[in-house]
Amino acid sequence: ADTQSNTINLEVNVQETLAFECHDLAGVAGDYDVDLGTVTAGTPVTGGSRCNVTTNDDSGYYLEVENSTGAAQGGITTVLRHEDPNASGTWYGITDQAAWTEAAIITDNTSNVYTGTGLAFSVIAFPDTNFTNSTFTADTWVDTTCGSGTDVYAGIPSSAATIAAVTQYESGITTTDVCYQVDVPGTQPSGVYSGSVTYTATTDASAYITP
């Protein structure tokens, strides 16, 4: 008998997918407005956002934040702004605290508590269960309660900066909660201040895997 055979090697690439949505921490999906309430000088107010990510990427994903209020108005570039109702074109801003940088999470994770006045944010809940290869952990952000006074706070950066990274495949939804805190000096003009921040989730967080 004469027998011949060939081995056929099969290969298929599974496309990564990503589903992402952020909403008011106190609300439901699709609620993109966070009302921080009314702030009186010396008594901070807080609010929050919840970002849900689902991806099949085998290297996870990373989450970025940035100020997206837009171009300067009357020379004001802060996230939260208010136009004087009696002087068109005259704008006031609530000071942003020192902007977050990716390096800060590695070099200083204990002393950046909220002090003084201005707008700042903190990650108060992070999906770190079994995420042993992640540079970003709940311990880094220190606390889990919005406005507790011991969270690591920083200002919203003017360009996208990473605030969380999940560095491995997870089959279900992973959630990151962000707290905002605002206080103002007694000289802050009254009125409704508004602005926006943008969160972006990107697949493949391999750059954040600890060697």
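Biologist: What makes Phe-121, Ile-163 and Tyr-199 stand out in the largest nonpolar core?

Modeller: Of the 29 residues in that core, these three touch the most other members. A nonpolar core here is a set of buried Ala, Val, Leu, Ile, Met, Phe, Trp, Tyr and Cys residues joined through side-chain atoms within 4.5 Å. Buried means under 20% relative accessible area, exposed over 50%, and partly exposed in between (1.4 Å probe, protein chains only). Keep in mind that this is a predicted model, where local features need pLDDT of at least 70, side-chain atom pairs count only at pLDDT 80 or more, and totals for chains, interfaces and linings use all residues. Residues are numbered from 1 along each chain as its sequence is written, and side-chain values use heavy atoms, with hydrogens and water left out.

Biologist: Which strand gives the largest share of this core?

Modeller: S7, with four residues. Strands are DSSP runs of E, at least two residues, numbered from the N terminus.

Biologist: Why is strand S3 called largely enclosed?

Modeller: Six of the seven residues in S3 (residues 61-67) are buried, so the rest of the structure largely encloses this strand.

Biologist: How do you know that S3 pairs with S7 (residues 161-166)?

Modeller: Pairing takes at least two bridges found by DSSP between two strands. S3 and S7 have five, in the antiparallel sense, and Glu-64 has Thr-162 as its bridge partner in S7. S3 also pairs with S9 (residues 197-203), antiparallel over seven bridges, with Tyr-199 as the partner of Val-65.

Biologist: What makes S8 mostly covered?

Modeller: Nine of its 10 residues are buried. S8 pairs antiparallel with S2 over nine bridges, and Gly-47 stands opposite Tyr-180 in S8.
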